[in-house]
Amino acid sequence: YINNIFKWMIIGVLTTFVTAFALEKSSFMSYAGMLPFILIIFQFAVVIGLSRRLMTMKPITAKVLYMIYSVITGVTFSYVIASYTSFSVALAFLVAAIYFGVLVVLGTVIKMDLTRIGTICLAGLFVYIIFSVIVMIFHLGVGTLIMPLISLALFAGITAYDMQKSLQLYHRASSNKEMLEKISIYGAFNLYLDFMNIFLDILQLLGDNN
């Protein structure tokens, strides 16, 4: 079950980065226009669909939606990585992988229930997103180091909580093979989102503009 989670998480991450680098090296971005904004809206729709309908959809449907999301994220990421040097992207990926790995291990070995911490961090993330939009709209002079550091702290709690939640879901559905397959995709999707956000935060902190 755990192997399945990380297998699908890694497949999603690799799909996203291969798509992003392939498009970044092409002339796609010159002709995309408003496409990235449309894709971001579609990304939100997929997240909501997976979160609300996972238990009723077939495992293959969940996998297809997850892979579509990974490709779409790669398209939007092509704009992000184009703004940084290749070395910065590689360094941020390595540091993000180490940070993420430590958090996953903590979420696996810690016996304390992380539900309260996860709930607080998710609520904090919601406030963080709203504040980020306000900062962007009104061009507030918030330090470039403060925002990604806050986000990294929030995702520390969220990642450990998501890992522990995946283990809890396994114990509830261990006798149902189809359900295990679906919740492994759900767990992979949550960890995928955690990793990608951690990567973006570290890229902001360490990245050199291209």
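A crossing is left-handed if the near helix is turned anticlockwise from the far one by less than a right angle, and right-handed if clockwise.

I worked on a predicted model, where local features need pLDDT of at least 70, side-chain atom pairs count only at pLDDT 80 or more, and totals for chains, interfaces and linings use all residues. Residues are numbered from 1 along each chain as its sequence is written, and side-chain values use heavy atoms, without hydrogens and water.

**Entry 1: H1 and H4.** I looked up helix H1 (residues 2–24) and helix H4 (residues 59–81), whose axes come within 7 Å and cross at roughly 40°. Because of that angle, H1 is oblique to H4 (under 35 degrees is roughly parallel, over 145 roughly antiparallel, 65 to 115 roughly perpendicular, the rest oblique). I noted the crossing of H1 past H4 as right-handed.

I then listed the contacts (heavy atoms within 4.5 Å). Among them, Trp8, Gly12 and Phe21 of H1 are in the set that meets H4 residues including Lys63, Tyr66 and Ile81.

**Entry 2: the largest pocket.** I took a pocket as an open set of points on a 1 Å grid where a 1.4 Å probe fits, with protein on both sides within 12 Å along at least five of seven lines; lining residues have an atom within 4 Å of a point. The largest one holds about 2,000 Å³ of space. I counted 47 lining residues, with Phe44, Ile129, Phe155, Asn197 and Leu200 nearest the centre. H8 gives the most to this lining, 12 residues. The lining has 31 nonpolar, 12 polar and four charged residues.

Technical notes: Axes are lines fitted to C-alpha atoms, for helices over the stretch in contact, and angles run from 0 to 180 degrees between N-to-C directions. Helices (H or I, at least four residues) and strands (E, at least two) are DSSP runs, numbered from the N terminus. Grid points are joined across faces, edges and corners, and a volume is the space filled by probe spheres set on the points. Ala, Val, Leu, Ile, Met, Phe, Trp, Tyr, Cys and Pro count as nonpolar, Asp, Glu, Lys and Arg as charged, and the others, Gly among them, as polar.
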